[in-house]
Amino acid sequence: MTASSTRRTTAAHSRLAAVGAIAVAGALMLTGCGDQTKDTGSSDTAASAPLADKLPQAIRDKGVIKVGSDIAYAPVEFKDSSGKVVGIDPDLAAAMGKQLGVDFQFENGTFDTLITGLRSKRYDIAMSAMTDTKDRQEGIDSDTGKKVGEGVDFVDYFTAGVSIYTKKGDDQGIKSWSDLCGKKIVLQRGTVSEDLAKAESKKCPAGKKIAIEAFDNDQQAQTRLRAGGADAGSSDFPVAAYAVKTSGGGKDFQLVGEQVEAAPYGIAVAKNQTQLRDALKAALDAVVKNGEYEKIMKKWGVTDGSIDAATINGGK
C-alpha cells in the first residue's frame with residue numbers, strides 16, 4: 001500500500017493493458033482474515049539452503065521469519081476461498097525462503113499498525129505492499145512532519161502507482177484527482193490514496209471539498225463503493241486492477257484516468273537488523289537471477305512492476 005509525503009505531479013503511464021493479465025491467477029474470492037497464517041512454501045533446511053549463513057543466528061535457530069502483513073489486499077496478499085494466504089508477497093517470500101532455509105510466517109494486522117508491530121518486535125519484517133518512502137525510513141509522520149520513531153530500512157522488490165476506480169458505467173466525470181472535488185472517495189487508512197485525497201481536497205473550492213472515508217482495509221472500501229456509498233475508490237494499481245477484473249465477475253468497477261505516484265514497494269526491517277536486511281536483499285537478488293521472480297510476476301499479471309535487482313532504501 002502506497003504511502004508517501006513526496007508528491008510527483010507527472011502520472012505514470014497507464015497500465016490498463018495489464019488488467020486482463022491479472023486474471024491469470026483466477027477470480028479468487030476474498031475471505032476474512034484470521035489472526036495468524038503460516039506460509040510453509042519453504043521446506044529446505046538451513047543446512048541445504050544456499051544463503052542460510054547470511055541470516056542472524058537467532059532466526060536460523062528459529063527457522064522462521066515472522067511477517068507483519070495486512071492480508072486483505074489482493075493480489076498482493078489475501079486469503080483464497082480455502083483460507084490459504086496467497087498473492088505476490090507470499091509467493092515471493094516462499095521463493096526467498098528456499099534461498100534462506102526458513103519459513104516466512106505471515107501474521108495479519110491492520111496496515112497502519114505494521115511498523116509499530118515491527119518496532120515492538122512482534123514481527124521480524126513487514127511485507128505488505130508497503131511503499132518505501134523517506135518519511136518511513138526516517139520515522140517521520142507524513143501528516144504532521146514530526147518524528148515518531150527511529151524509522152525502518154527497506155528492501156525494495158516491486159514498483160506500483162495509485163489508481164482511482166468507480167462503479168462500472170458510472171464514472172460521474174471523474175478522470176483525475178482534481179475531478180473529485182465535491183465528491184466522496186473511499187480508501188484504506190494510512191495509504192497514499194488517503195494522502196493524495198487530503199492534499200487534493202485542500203485545493204478544492206470552498207464548499208466542494210472531497211469527502212474522505214477511510215477504512216481499516218481495502219475490502220471494506222470496495223464494499224462501500226459497491227453499495228453506492230461513495231462516488232469513487234482508490235488503491236494501488238495492482239489492487240484496483242484486480243478488483244476491477246474480479247469483483248462481481250468484472251461487472252462492479254472500472255478504472256478511471258491514469259495511475260500516479262509510481263514508487264517502490266519495500267520489505268520493512270528494523271534499523272538495527274542490518275544483517276537480516278542484507279540477507280533478504282541477497283535472497284531477493286537470487287530469485288530475480290534464477291527466474292523465479294519473473295514467474296511470480298507473470299502468474300499475477302503484474303510484470304509492469306517488475307524490478308531488475310533488489311535495492312535498499314530506494315524510495316524518495
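Reply: Some terms come first: angles under 35 degrees count as roughly parallel, over 145 as roughly antiparallel, 65 to 115 as roughly perpendicular and the rest as oblique. Axes are lines fitted to C-alpha atoms, for helices over the stretch in contact, and angles run from 0 to 180 degrees between N-to-C directions. Helices (H or I, at least four residues) and strands (E, at least two) are DSSP runs numbered from the N terminus. This is a predicted model, in which local features need pLDDT of at least 70 and side-chain atom pairs count only at pLDDT 80 or more, while totals for chains, interfaces and linings use all residues. Residues are numbered from 1 along each chain as its sequence is written, and side-chain values use heavy atoms, with hydrogens and water left out.

Me: OK, how do helix 3 and helix 9 cross?
Reply: The axes of helix 3 and helix 9 (residues 274-289) come within 9 Å and cross at roughly 105 degrees, so the two helices are roughly perpendicular to each other.

Me: And which residues meet there?
Reply: On the helix 3 side they are Leu92, Ala95, Met96, Gln99 and Leu100, which meet Ala279, Leu280, Ala283, Leu284, Ala286 and Val287 in helix 9, where contact means heavy atoms within 4.5 Å. By class, this contact of helix 3 with helix 9 has 10 nonpolar, 1 polar and no charged residues.

Me: What about helix 3 and helix 10?
Reply: The axes of helix 3 (residues 88-100) and helix 10 (residues 292-299) come within 10 Å and cross at roughly 165 degrees, which means that helix 3 is roughly antiparallel to helix 10. The contact of helix 3 with helix 10 divides into 6 nonpolar, 1 polar and 4 charged residues.

Me: Switching topic, which peptide bond is cis?
Reply: The bond from alanine 74 to proline 75 is cis, with omega near 5 degrees, and proline 75 sits in the loop between strand 2 (64-69) and strand 3 (78-79).

Me: Where is lysine 121, and what is its phi?
Reply: Lysine 121 lies in the loop between helix 4 and strand 6 (125-126), and its phi is near 70 degrees, a positive value in a residue other than glycine.

Technical notes
Nonpolar A, V, L, I, M, F, W, Y, C, P; charged D, E, K, R; others polar.
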